[in-house]
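Hi there,

Here is the structure I promised to pass on. Have a look, and my notes follow below.

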Amino acid sequence: MPAVAASESELIDRFFRELGAPRSDVVLGIGDDAALLTVAADAQLVLTTDALVEGVHFLPGASARSLGHRALAVNLSDIAAMGASPSWMLLALTLPQADEDWLREFCAGMAALARAHQVALVGGNLSRGPLTITVELAGLVPRGQALRRDGAQPGDQLYVSGTPGDAAAGRERLHDPAAAALARRFEYPQPRVALGQALRGLASACIDVSDGLYVDATRLLQASGRTAQIEIERLPLSPQLRQTCGAEAPRLALWGGEDYELCFSAPPGQAAAVAAAAARLGQQVSCIGSVDGPGGPGGPGGPGGPGTPGSTLRLTSSNGDAVMQLPAPSFDHFRR
C-alpha cells in the first residue's frame, strides 16, 4: 500500500516550526492567525519581500538546499543595503506535491542561513501549485540611521563589495566542474549584512546589487539625482572569473546580476573608516569610481541611453577616456 502523504499541519510541524533562530522579541509565532512581535521604541522597522518562481528564477531540478538558502539570502541582501539587522521572516511556499525529501533539503538550506543571522520564522503559508517560494523579511535599524539610495553627493567615492560577476558566470556554468567556485557564488550568495550595519554613519547612499552593478548603481544615482563614473580597470574581478571568462569578465561584473553585494557611496573623508570597517569584517571593498554633479536626463530609459555620454553613469578607462560600450539590458519580468 502506498504511503499516505502528510497533511499540511503535519508538514508545518515537522519542517517549519523550529526552522529559524529563537528570539526573545517573538511573543507569538507559528501556530496562531498572525505573529505577535515586540519592536523596540528606539528602532525603525524595515520590510522587504521577494519570490523565486520555478522556470523564471531557477530551472526545474535545482538544488532544494540552494533554493532554501537563496530564498532567504536575496531578502537578507535588501536588509543589508538598509544597514539593518534581520529579525523575523514569513514564508509562503507553494509546492506541486508534498515531497518530504525535497522539503528536508530546502529547510536545511534556509535554516542554516536563518540561524547564522538570528532570523526567526514566525509564520507563513503552505499550499499546492507551481513551485514558488516567497519570503517576507523584517529587520530593525536604529531610528534615523537607515541607509538609503538617495544620499549620494558630488565628490563622494563609489564602492562595491566583493567580486561582482562571479554569480553570473557560475549561473552559466552550473554543471562545469572547472567552474565549481563560481557556481557556488550563484547557488549560495552571501548577503553582506554585517557590512551594511558597519556602513551606518559612513556611507551616504547604498543599494544591493541584484540586477547587475551598472543597473543598480544607476538606480542609486537616479534616486540621489547625481551622475558618476566607473573606471573599468578598478572593477574587482576575481581570479576565477578572469581565468574562466577572460575578456568577458568586465561585462559580467557590470551586467551579470545576482551578486547580492553592496554598492555604496561615501565622502572621501570616510575612506579610511570604510577600509577599517571592511578589514575588521574580513570583507573586500573596492573603490570603483566617483560621484559627479546633478543628474541629467540620461540613464536607462532616458534620452542619453545607458552607456552613452550624458547618461547617469559613465564608464571610463584609466586614461580618462570614455568607454563606448553598451550594456546588456537588465532583467525585467514584463519586457522581452
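Is Glu258 buried or exposed? Glu258 is buried, at a relative accessible area of 17% (buried means under 20%, exposed over 50%, partly exposed in between, with a 1.4 Å probe and protein chains only).

Before the rest, a word on the source: this is a predicted model, where local features need pLDDT of at least 70 and side-chain atom pairs count only at pLDDT 80 or more, while totals for chains, interfaces and linings use all residues. Residues are numbered from 1 along each chain as its sequence is written, and side-chain values use heavy atoms, without hydrogens and water.

Back to that loop. Glu258 sits between helix H9 (249-255) and strand S10 (261-266) (helices are DSSP runs of H or I with at least four residues, strands runs of E with at least two, numbered from the N terminus). Most residues other than glycine have a negative phi. Glu258, though not a glycine, has a positive phi of about 60°. Tyr260 is in the loop between H9 and S10 too, and has a positive phi of about 55° without being a glycine. Tyr260 also counts as buried, at 8% relative accessibility.

Now to a helix pair. Leu11, Arg14, Phe15 and Phe16 in H1 meet Glu100, Leu103, Arg104 and Cys107 in H3 (contact means heavy atoms within 4.5 Å). The axes of H1 (residues 8-16) and H3 (residues 100-116) come within 10 Å and cross at roughly 35° (axes are lines fitted to C-alpha atoms over the stretch in contact, with angles from 0 to 180 degrees between N-to-C directions).

Best wishes
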